[in-house]
Amino acid sequence: MTSGPQAGATEIAARKDAPMSFDQLLDRYLAAWNERDADKRRAAVDELWTAEGTYTDPLAEVRGRAAIDATIAAVQGQFPDFVFRPGGTFDAHHSIARFTWELGPADGEAVVVGFDVAVLDDDGRIRDVHGFLDRVPAM
């Protein structure tokens, strides 16, 4: 298992004219999940995901940018004072990245911990995210 942004020097084509590294993609992905302004969040989703991109985890299975945006908004509604931050694992090769993330108070311990695998298209946009929840709060 690799820890830290090991693939930071590896570039992907984020659009043919603006390559970005995998660690930049991770930063922008988490920023989209943290964006509270609906218009800015939707713009981030539109920039990061393909039109028919998918997001799947144990609690959600959605397709398309509008549905991904609505899923992010729903998570923000459920955890209004929490923020996403990178976890300890980040590894990437070819057009696939895997990483852990945490969700919790900005200055506190994570309440939710997860593991995502993102698959990118040839232009460096997210085609699919497969998410797993490693720790969730008791309901």
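Residues are numbered from 1 along each chain as its sequence is written, and side-chain values use heavy atoms, without hydrogens and water.

The average pLDDT of the protein is 88, and 85% of the residues score at least 70. Residues 1-17 stay under 50. Where pLDDT is low, the predicted coordinates should not be read in detail.

Six strands (DSSP runs of E, at least two residues) form an open sheet of mixed pairing, in the order β4-β3-β8-β7-β6-β5; pairing requires at least two DSSP bridges between two strands. Because β4 (60-63) and β5 (82-93) stand at the edges with a single partner strand each, one side of each is left without a neighbour in the sheet. Nine bridges join β5 to the antiparallel strand β6 (residues 96-105), and Phe90 stands opposite Phe99 in β6.

Two helices (DSSP runs of H or I, at least four residues) pack on the sheet. Helix α2 (residues 38-48) touches, with heavy atoms within 4.5 Å, β3 (49-57) and β8 (126-135). Helix α3 (residues 65-78) touches β3, β4, β5 and β6.

The axes (lines fitted to C-alpha atoms, for helices over the stretch in contact, with angles from 0 to 180 degrees between N-to-C directions) of α1 (residues 22-34) and α3 come within 8 Å and cross at roughly 60°. Ala32, Trp33 and Asn34 of α1 meet Thr71, Ile72, Val75 and Gln76 of α3.

Conventions. Predicted model: local features only at pLDDT ≥ 70, side-chain atom pairs only at ≥ 80, totals over all residues. pLDDT = per-residue confidence, 0-100.
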